[in-house]
Amino acid sequence: MAQPPPDPHFVLRGTGAAVHALHFSCGGGEPDIPVLFSGSENGFIHVWNLKTHRVDAALDGHGRKSVCGLKTMDGKERLLSQGRDQRICLWDLAEGRTSVTDSVFTENVGFCRCSLLKVAEGRWLMATAAKALEEVQVLELPSKTSVCTLKPEVGAKLGMPMCLKLWQGSCGSQPSLLAGYEDGSVLLWNLSTGKVLSQLICHQEPVMSLDFDSEKAKGISGSSEKVLSIWSLNEQQNLQVQKTHRLVNAGISDITIRPDKKILATAGWDHRIRIFGWKKLKPLAVLDYHTATVHSVSFSDHKSPSDRLLAAGAKDHRISIWSIYTQT
């Protein structure tokens with residue numbers, strides 16, 4: 001007999017709106033307090049203390065427009081938030097401060113989350129959907145210098161970029177960008193030339209989310225249809241479909257592979273979180289707690305495997321926290 005799925009480890013309530021973005025910062029040792037950042041449809045970012053399960057701070061920087069993306073830059077004192085107000089804000093949260101120190105006006109009206117990659121000490125690349133609907137802009141932070149603008153060829157008819165993932169192979173290799181588009185394609189872009197290295201039709205519908213494991217050169221994407229697509233990148237930088245996995249219900253809002261590359265989680269329009277083994281995409285668990293669409297899933301970056309958590313944020317205003325598959 002398969003074991004029944006567990007209940008949440010605990011639940012965070014009090015966002016007052018649908019939760020669209022989550023990001024953990026738990027990598028520091030004692031006495032550093034592990035936190036979870038959540039971004040809501042009402043424009044607020046909440047900083048949750050994972051020891052007390054309460055809000056330590058509420059940040060208001062997006063003019064009450066939905067927060068769709070959150071990332072940290074070297075620990076929990078520097079936060080990057082993205083809102084539907086077409087702004088990306090950089091926050092200074094050190095020593096109790098809650099100030100926006102800089103912002104980038106993207107002029108993009110879509111809801112494509114930006115992607116952030118650390119390329120050197122104190123230097124990041126950030127990819128965002130650009131003002132021109134089909135384009136992606138890559139900037140260097142904190143300088144905000146433009147690195148490149150990625151424009152599909154004339155007549156490509158990809159539609160808007162829906163999800164982005166900056167990644168870098170072995171140390172010293174050039175960073176690349178994987179982008180999922182409205183027409184169901186995933187493209188691999190070379191950032192130095194601004195050219196497409198490979199294009200793969202993964203879905204019949206818009207690609208809603210993707211994640212990539214640079215060690216195994218293997219990725220996964222989900223769309224508004226009933227299929228997860230698993231694809232790989234060969235030595236010649238060509239994307240190839242490895243396999244597809246049919247889902248019971250249509251619609252994936254978010255996909256994330258755990259940092260140790262053992263399992264992955266999907267956020268479903270059917271209110272459920274699904275857990276799979278990453279090696280063979282074996283279904284491991286269906287976590288059924290939320291009463292509306294799950295918008296976001298995120299794994300914690302705890303150093304110790306037994307402390308690792310999974311968070312899910314949903315349209316029902318709740319954030320469920322799970323402790324599952326913590327034995328390596």
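Reply: Strands S14 (residues 161–167) and S15 (residues 176–181) run antiparallel and are joined by six bridges. Strands pair if DSSP finds at least two bridges between them. The strands themselves are DSSP runs (E, at least two residues; helices are H or I, at least four), numbered from the N terminus.

This is a predicted model, in which local features need pLDDT of at least 70 and side-chain atom pairs count only at pLDDT 80 or more, while totals for chains, interfaces and linings use all residues. Residues are numbered from 1 along each chain as its sequence is written, and side-chain values use heavy atoms, with hydrogens and water left out.

Stay with S14. In this pairing, cysteine 163 stands opposite glycine 180 of S15. Six of the seven residues in S14 are buried, so the strand is mostly covered. Buried means under 20% relative accessible area, exposed means over 50%, and partly exposed is in between (1.4 Å probe, protein chains only). In a regular strand the side chains alternate between the two faces of the sheet.

Now take tryptophan 167, which lies in S14. Which aromatic residue does tryptophan 167 pair with? Its partner is phenylalanine 212, with ring centres 4.7 Å apart and planes at 50°, so the pair is tilted. Rings of Phe, Tyr and Trp (its six-membered ring) pair if their centres lie within 6.5 Å; planes under 30 degrees apart are stacked, over 60 edge-to-face, the rest tilted. Phenylalanine 212 is in strand S18 (residues 207–213), 45 residues away from tryptophan 167 in the chain. Both residues are buried.

Phenylalanine 212 has another ring partner, tryptophan 231. Here the centres are 6.1 Å apart and the planes meet at 10°, so this pair is stacked. Tryptophan 231 sits in strand S20 (residues 227–233), so the pair ties together parts that are 19 residues apart in sequence. Phenylalanine 212 and tryptophan 231 are both buried. The structure holds two aromatic pairs. Trp167, Phe212 and Trp231 form one aromatic cluster.

Charged contacts come next. A search of the whole structure finds 16 salt bridges. Each is a side-chain nitrogen of Lys or Arg within 4 Å of a carboxyl oxygen of Asp or Glu. One of them joins aspartate 74 and lysine 118, with the closest N and O atoms 2.9 Å apart. Aspartate 74 is in the loop between strands S6 (67–72) and S7 (78–83), while lysine 118 is in strand S10 (residues 115–120), 44 residues apart. Are these two residues buried or partly exposed? Aspartate 74 is partly exposed at 45%. Lysine 118 is partly exposed too, at 33%. A network of salt bridges links Asp74, Lys118 and Glu121.

Arginine 123 and glutamate 140 also meet in a salt bridge, at 3.2 Å from N to O. Arginine 123 is in strand S11 (residues 123–129) and glutamate 140 in strand S12 (residues 136–141), 17 residues apart. Arginine 123 counts as partly exposed, at 36% relative accessibility.

Glutamate 95 and arginine 97 make a further salt bridge, with their closest N and O atoms 3.1 Å apart. Glutamate 95 is exposed, at 73%, whereas arginine 97 is partly exposed, at 37%.
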